[in-house]
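Hi everyone, thanks for making time.

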Amino acid sequence: MSVPFSVRIRLTGLTAAILLATCRSLCAQTDLPVYANDIQAVIRLSGTMEQVWQSEDGLLVRLCQGRATLTQGPLSIEAHQIVVFEQTTESLRDVRVVAWESPSQRVVVQHGDEREVGSIRVLRLQSHHPVESDATNSHAISEPAALMLESRQRAWPLQKLPAAGGGLSLALRPDPAAPSGFDHPLQVPLSPTRRVFIRPRTSQPFQLGSIESRDTVPPETCIVITGGVNVLVEGTEITVDNEIIPAAVVDLSADNVVIWIQSDDQDISNIRSGLPLIQSASTKFQVYLEGNIVVRHKSNTIRATHAFYDGTNGRSLLLNAELRARIPQTGGDFRVRAERLRQLGPDRFHAQNAWTTTSPYGKPGYRIESRDIYVEPGPAVFGSRSRGDGRPTYWITAEDSRLLIGDLPLLAIPRLSVPAEDPGIPIRQASVRQDRVFGFQVRTAWDLTRLVKVDVPPGTRWDLLLDYYSLRGPAVGSEALYRFQNRMGQVTGEFRGMYQYDGGLDNLGLDRRALIPKDQNRGQIIARHRQRLPDGLTLFGEIGFLSDRNYLEQYDEYRFDRDKDVETLAGVRKDSGAFSGSLWIRPQLNTFETTTEWLPRGDLYGFSVPLLDGTVYWSSHSSAGYARLNPATLPTDPADPFSPTLAGTPYVLDADGLVAMTRHRLDAPFQMGPVTVSPWIMGEAAWWDQGLLDSDISRFTGSAGVRATLTATKVMPFVTSELFNLNGLAHRSEQSVEWVLTDTSRPLAQIAQYNEIDENSQERLRNRAVLQIFPGLVPAEFDPRYYAVRNGAGLWVSAPYHELVNDLQVVRMRWRNRLQTKVGPPQNPRIRDWMIWETGITYFADPADNFGEDFGLLYGNYRWNLNDRTSLLADGTWDFFSNSQNYYNVGVLSQRSTRGSVYVAYRHVQARHFLDSEIITASYSYRMSPKWISTAAFSYDVGQGESRGSSVTLSRVGLDWIIHMGFGIDTSKGNVGAAVSVEPRFGPPTPTNLGRLMGIQTQPLARSR
């Protein structure tokens, strides 16, 4: 008589006392060898959920689930679930580890450079230290879980477990095959069942015949069904340790089917009457299919001409088959077509003489042909490329492969292993261009993880760059971007290394069109890394090396203009509540850039620390470091315009020594009716070993001010207009006035600028502007330091350039406004900004501080959203003294997410007596059809009556590739060029993933080459 499943679970708990009581006495006879003899290292266990059970005789059992990881020195184990048994001997902790796999995560054991991937693993470890656990959620249990019992049988296969409770126990039936003195452990087999539904494939009934064979043990019946059959194999849900294991469903359809089952007349009767067959999962059930075969399992679909399915172990063999599996990340499918396709287990396949692709076309535009292709879920381990979120990640491993574009073989690959959502096409981008600066160009980016067998963390991209320029020479390099989570915290960074053999001349525009490079061997090495650690610690570092001053501007002008400076530094930062401290060092590798070396420097910040029960708030910044200010060296080519440092940037000279400061500020905000009043006072003491005029400069700065802010809101629900798309109106206004008085013991003209205020590209421009725009010397009105002082940029506690303060008394006035209305359906309206503007102006008590004028620094920003798609934009800044710099811009922007975008603007830039530029800029992106997108941009200088550059691009959008064809003119460089580039595309194009191509930028763009 069979024992019910629930009764067997209870009996298992009662026998736990017996199964653990004799474990120590039997270890010497049946012990496992110690896997890693690193007894000085601590064994650490981590995961999402942990259950802990303590037996009466001291055995500690831990069950860890959810990204379970165990480490000891160089050994690491990652699995779906890990059970750890810890017992204490005279001098060591003896630890047994049982790691369990799941359908989506296999067990990974890594010891040094050796890596093993498999199913269930049992290991024995030893350590002088107790096991440490940092599971997210941990709780104790009173009785061992079912998985603990089964793990115990694997850790000590011929021993017994004690129960958590007292003396009730069961006698176990001895195993006659076991050696004398050993008992057979209590088995707790799961008894899932299988339901099989057999129905006609169409509305026409099928024909059924059966043949019984008595030559097999047990006897079996062969059932032959013709005329179109659908066989649905469904498992029964079972519950283990309060976890529901869902039913597995396999849907088989074919013209003809042969089924082998154990003989049972009732089963034949059920099939004829349409009732399901209900069998034990261990009962024989095999199916042969032929003719228009369709197999569906989870999100996978397989079509074949002949197939055999073994339901007992979930394996199958299909001939002339094609597998399609859904990729949620792209919304498309990946496909594997093969002469022979074997299903080796749940979600595991082996294809022979096959090809794979993500193209949905019957004849794919690209594919990888291989002798053998394996498809299986990837392990969620550090160092793998799986998603790591617990869901199945299909991986494709291909042997003896070649990449075909159409029918053209492009690349031979001995071995390829990639996740299906990134289907392993090794070429990321290819472009062909022709222009006057570089000549004929071929630029390619290849995925290095596809070309060589390299495991990289999830969230990592690593490319090989191969370029050729007919007028310059070949180039080779590598680029990597990464962002992932390791055991210590989040890791982010990037790397770019490039070697360029250059046999030509640099063309940088204007009067720099034929510059001789310093050397024909050119390139760059840029690496940036940041590691977050527990307790608010962050490690950061950068390496920045350029071969010469003009390399980056010539070969990667976008990065030169917009990316952060190329520099070398390393340090650590600690954040704790309202305080933050850092210690860092920055040497100089590129002598052609003005750089301050810090050898080293420390900073300590405090932000808004409440004092006197919150009446006063204290903020501070203190720093000290040894600084070496190194002006940029002169260009090697005399034709490269570069003025001496004192003419272009007079606040920079060769200086070094201690630079220290401490700055403290107290704020005491309070409410005065509807007005928020915030008086504040700031004091600073600073020291420089060397300044612009003399050494040993000490400076004391005192500053005080008060800011008053009035915020008001007026709601006008009856203001409506169909013309202006208004349905009610709300006006939110904020007006503020601030008075500031600053007094320093030393004038700014004596202080060297150790803390940079400009990026390298701006510093270069200032040193060229002396010769190209100004008459040999930058006027004081255009000195960036005085502009920053007038704006109060250096008065903030956290200001990175504390030098920028001077005697000053100003009143700053600012007015911000926002008009909002409601749009959308009446039953569910939403609020939309209709009009936004801000303006401000500064009054100077001493006109000499503003070059003879009382008022200055007038600015304004305006945006009128005519509707959800179209906006009018305007912004500008003005000064009123005679030699002022003024700027304003007026434009219109229209965006349609499914069609494209248009932008037209007029910009006026004026530096009195030196520069007067009036430029019209326009750009558009338009989706002309589902397959074609056009983009164009141009700039025209009305004042000078000449073009500033233009470009036109046509993009052919397909499911396999996006092909760009472009033409451009760069007037500054006298350059005309044409280009064709190809991008692989995975998954169907949508308005979202085509947004960047059409100029719809709703989120930050990823870095692209």
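Okay, let's start with the inside. The lining of the largest cavity is made up of 5 nonpolar, 2 polar and 7 charged residues. Before I go further, please keep in mind that this is a predicted model.

So how do you look for empty space in a protein? Rolling a probe the size of a water molecule over the atoms shows where empty space is left. Here, searching the whole structure turns up 9 cavities of 30 Å³ or more. The largest cavity comes out at about 140 Å³. It has 14 lining residues, and the ones closest to the centre are Leu552, Phe560, Lys564, Asp565 and Val566.

Let's move on to the rings. How many aromatic pairs does the structure hold? The count is 20 aromatic pairs. One I'd like to show you is Trp834 with Trp864, an edge-to-face pair with 5.9 Å from centre to centre and 80° between the planes. This pair links distant parts of the chain: Trp834 belongs to strand β44 (residues 830–844) and Trp864 to strand β45 (residues 855–865), 30 residues apart.

Are these two tryptophans buried or exposed? Trp834 is buried, since its relative accessible area is 9%, and the cut-off for buried is under 20%. Trp864 has 18% relative accessibility, so it counts as buried too.

There's also a cluster to look at: Phe438, Tyr469, Tyr551 and Tyr555 are linked by ring pairs.

Rings meet charges here as well. The charged end of Arg601 sits over the ring of Trp598, 4.5 Å from the ring's centre. Over at Trp680, Arg665 lies over the face of the ring, at 4.1 Å from the ring centre.

Last stop, the backbone. Most residues other than glycine have a negative phi, and most peptide bonds are trans.

Which residues does a cis peptide bond join? Leu599 and Pro600, with omega at about -5°. You'll find Pro600 in strand β36 (residues 595–611).

Then there's Asn353, which isn't a glycine but has a positive phi, near 50°. Asn353 sits in strand β23 (residues 348–357). Its relative accessibility is 40%, so Asn353 counts as partly exposed.

Leu510 isn't a glycine either, and its phi is positive at about 50°. Leu510 is in the loop between β31 (490–501) and β32. Why do we call Leu510 exposed? Because its relative accessible area is 59%, and the cut-off for exposed is over 50%.

How values were computed
Residues numbered from 1 in each chain as written. Predicted model: local features only at pLDDT ≥ 70, side-chain atom pairs only at ≥ 80, totals over all residues. Heavy atoms only, no water. 1 Å grid on protein atoms, 1.4 Å probe; cavity = no way out; pocket = protein on both sides within 12 Å on 5 of 7 lines; lining within 4 Å. Points joined across faces, edges and corners; volume = space filled by probe spheres on them. Nonpolar A, V, L, I, M, F, W, Y, C, P; charged D, E, K, R; others polar. Phe/Tyr/Trp six-rings, centres within 6.5 Å; stacked < 30°, edge-to-face > 60°. Helix = DSSP H or I, 4+ residues; strand = E, 2+ residues; numbered from the N terminus. Buried < 20%, exposed > 50% of the residue type's maximum accessible area, 1.4 Å probe, protein only. Lys NZ or Arg CZ within 6 Å of the ring centre and 35° of its normal.
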